[in-house]
Amino acid sequence: MPKKKQSKKAQEQKHVSPLNHSVDAPDEAISRSNKRTKKASKASSDRKEHKDNKHALSETKLAEEAALTAMLFGGGGGASSGAWADDDDDQINDTSAWDDKYGIQNSDDDDSDKEDKATKWSSGDLFAIDRSGEDIGEDEDDASERSDNEHQSDTDSDDDESEQEVNKASMQGAAWQDPESDSDSDDSDDDDSDSEERIIKSKKQKGVSLVDGPNRLKKLRRYRDETDPLSLSEYELRLRERFMNTASVAANTSWADVKQIQHKEEEPKTKRKGGGYGSSSDEESEDEDYNAAADILESNASLFQHSSSGMQLPPTILDVVRTRDGNLSDPNNSVVSAVQFHPGSDEENPLLMTAGMDKMLRFFRIDGEENPKIHGIHFPTLPITCASFLGDSGSVVMSGRRPFFYIYDAISGNIQKIQSIVGRKERSLEKFTVSPNGDVIAFVGNDGYIILVDGKSRQWIGDLKMNGSVRAIAFSEDGEYIMGSGSDGDVYKWNIQSRRCVERFHNEDGTITSSLAATSNFLAVGSESGVVNLYTEKYSRSSLYGGSDKGVGLNATERNPLKSIMNLTTSADSLKFNADGQILALSTRRETNGLKLLHVPTQTVFSNWPTSKTPLKYVWSTDFSPGSKYFAVGNDHGKCLLYRLKHYWDE
């Protein structure tokens, strides 16, 4: 449009009739001609200056783009590409290397040729950058026509120039910014938030691929040919299930149970009486606590003859049912010398650990039906005679007839070998016990010593000395005291913090002690004669309020047992209380079916189980699950027999 208007105006000026011109004075004609001459000279100087600036800009563009291309692709010379240049290229300057690459000939005499060459380079290079807003590939005719148009535009009025300046100023701002209003900035923020929401929504719709992602995600597949991507909720569910089946071998994973989380989310919120909102289960628990306290105050029955749930175990008859063996999926190749449930595992689906002389440590998830194996680990240099969880942690301590022992972290998979205990020269550390909180490991040492090792640092922290040799050790339920006994038949009791003996009494049987077990109310002492004495476990005021620091005399005191159980005819090698202290398991390794269960409140042995037809064989190890819902027996055939105690399931 501008070109047509200008050409029409020029034609009108060319064909204008001389009759339309008025006759002016000679002075006025001369002044007009001088003004036209000055205006023409000014326009020519402006065009020349613009042309020189344009040539300088093109040279600057070439130098900048040459340096940028050299930095990105390693080509060309110059300071920017010095890291890729050879020593032989020092004599080549920036422009020569660039011109040789693109076929440009430098000529200082003719600036127009240089501009044409720059235009040819810009149209042929793939990495060309246009900063001027002009067409890079225009021909010479278009350029000459544009120069004529510029010459015609110089003769326009000042109003047109002002309009161009206004338009130029308006184009310098951002394309989305309105100079007359600030409301568009808020709209831009809304657009950014909308774009982020669209990205998140697209990710949710796309899902998580188990095949295209990292290799570890393939473990989350239900079946081998599953290739469809998972939604984020399904992906979270798979991760929780994987964690509960693997990394939860020795840790409480109730927080990862999806069923509990969904039940907690679906639980309605009710308004409390005192204000605020809470779940209905909170109010029910408060009512249950109030009712339990009322029942205790209204009853005169003994508090020590009831389980932790408030239900008393019936004497003489035990309702027990055998289930699938705990290690049936991978039985031991030798005797099961150690069997234990993890103290912090779920009561209905506990974690079971077995170990034996076949140098294998195995973990099983007990469900009563399949009892799948989680994993196992082999220790080539250690036939395991004793193994135990280190409190509620995921670590397992193992020892045998060796001067060293192992600590295996079931969660991380790390194995730590402790070569020896500093300051001790025992050639065998085959027997030990762990405190309930896992802070202290007590080994049976030589010459009447009990060796104490810190459960966290694995370092020696002290020794306890008794007369005769040590045969059995046990911790109290709170972990503050440790009991030991041995060849002299005396039972010693030490305070762990002060290392002082707070009590010493003589066992009524008088023979060598072979096993010990303790709860908060009772202490069981087994001897090699097969007699198991049951004592009340009392804490004197002197031991509780600082009198333990003074210790006791050299003479042992006399204590009368509540009951002497004589159902075993050989050495009582193992004693084990259940979770609420109502059942005591007595076993021996020296005869078949050498297992008896004692009803502790009445001090009577259950008559209905085990029977002569119960396939126990030689019993080597026993343990109760948390909540006493399962009872495990390890025998010499490599089996871990598993029994369900229905009384604790009916609760």
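Strand β9 (residues 395-399) pairs with strand β10 (residues 405-409) in the antiparallel sense over five bridges; strands are DSSP runs of E of at least two residues, numbered from the N terminus, and two strands pair if DSSP finds at least two bridges between them. The model is predicted, so that local features need pLDDT of at least 70 and side-chain atom pairs count only at pLDDT 80 or more, whereas totals for chains, interfaces and linings use all residues. Residues are numbered from 1 along each chain as its sequence is written, and side-chain values use heavy atoms, with hydrogens and water left out.

Aromatic pairs were counted for rings of Phe, Tyr and Trp (its six-membered ring) with centres within 6.5 Å; planes under 30 degrees apart count as stacked, over 60 as edge-to-face and the rest as tilted. The count by this rule is twelve. One of the pairs, F363 with F389, is tilted, at 6.3 Å centre to centre and 50 degrees between the planes. This pair links distant parts of the chain, with F363 in strand β6 and F389 in strand β8 (residues 386-389), 26 residues apart. Both F363 and F389 are buried, a term for a relative accessible area under 20%, with exposed over 50% and partly exposed in between (1.4 Å probe, protein chains only). Elsewhere, ring pairs join W609, F624, F631 and Y643 into a cluster.

Strand β14 (residues 449-454) and strand β15 (residues 460-465) run antiparallel and are joined by five bridges. Y449 has K465 as its bridge partner in β15. K465 also lies over the face of Y449, at 5.5 Å from the ring centre, and the charged end of R424 sits over the ring of Y449, 4.7 Å from its centre. A charge sits over a ring if NZ of Lys or CZ of Arg is within 6 Å of the ring centre and within 35 degrees of the ring normal. The hairpin of β14 and β15 has five residues between the strands, and R458 in this hairpin takes a positive phi near 60 degrees.

Most residues other than glycine have a negative phi, and most peptide bonds are trans. Phi of N371 is positive, near 50 degrees. N371 is placed in the loop between β6 (360-365) and β7 (373-378) and is buried, with a relative accessible area of 0%. Q603, in the loop between β27 (595-599) and β28, has a positive phi near 55 degrees. The peptide bond from W609 to P610 is cis, with omega near -5 degrees, and P610 lies in the loop between β28 (604-605) and β29 (619-624).

H342 is found in the loop between β4 (338-341) and β5 (351-355). Its relative accessible area is 1%, and H342 is therefore buried. A polar atom of the H342 side chain lies 3.4 Å from the backbone oxygen of D392, and a polar atom of this side chain lies 3.0 Å from the backbone oxygen of S393.

Notes. Helices (H or I, at least four residues) and strands (E, at least two) are DSSP runs, numbered from the N terminus. A polar contact is a pair of N or O atoms within 3.5 Å; within protein, one must be able to donate a hydrogen and the other to accept it, and residues adjacent in sequence count only if both atoms are side-chain atoms.
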